[in-house]
Amino acid sequence: MLGRIILSEREGPRRFRYRLFGIEMREAVGRELTGQPLDHSTMDGALEPFLDMLETVVGGGEPVFLSGSIWWEDRAYRTFHEVTTPFR
């Protein structure tokens with residue numbers, strides 16, 4: 001399960017960095033993103049909605065639950081279920 005964990009840190013408005021990008025996630029996307037800004041990852045059209053969701057979590061202080069299909073670099077992977085929660 002730890003291989004599927006992603007930790008992101010807010011560095012400023014709409015600016016986040018991957019602090020931990022689990023090994024299973026790295027294998028799925030084909031590269032290491034630990035330490036990289038989110039906007040350096042290839043999210044195609046999903047970056048802005050993803051940043052909106054992260055800002056909602058940070059601003060509201062409450063978890064957000066998502067389900068859907070992961071699309072990364074023009075490849076569909078699988079259905080996902082995600083909990084994004086703030087750490088204080």
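I began with α2, where the 14 residues at 1.5 Å a residue should span 20 Å, and the end C-alpha atoms are 20 Å apart, which agrees; the expected span is 1.5 Å times one less than the number of residues. Helices (H or I, at least four residues) and strands (E, at least two) are DSSP runs numbered from the N terminus.

I noted that this is a predicted model, in which local features need pLDDT of at least 70 and side-chain atom pairs count only at pLDDT 80 or more, while totals for chains, interfaces and linings use all residues. Residues are numbered from 1 along each chain as its sequence is written, and side-chain values use heavy atoms, with hydrogens and water left out.

I then listed the buried residues of α2 (under 20% relative accessible area, with exposed over 50% and partly exposed in between, 1.4 Å probe, protein chains only), and they are L47, L51, M53, L54, E55 and V57. Just after α2, I found G61 with a positive phi of about 70°.

Finally I checked the strands, which pair if DSSP finds at least two bridges between them: six bridges join β1 (residues 6-12) to β2, and the two run antiparallel. L7 has L20 of β2 as its bridge partner, and L20 counts as partly exposed because its relative accessibility is 35%.
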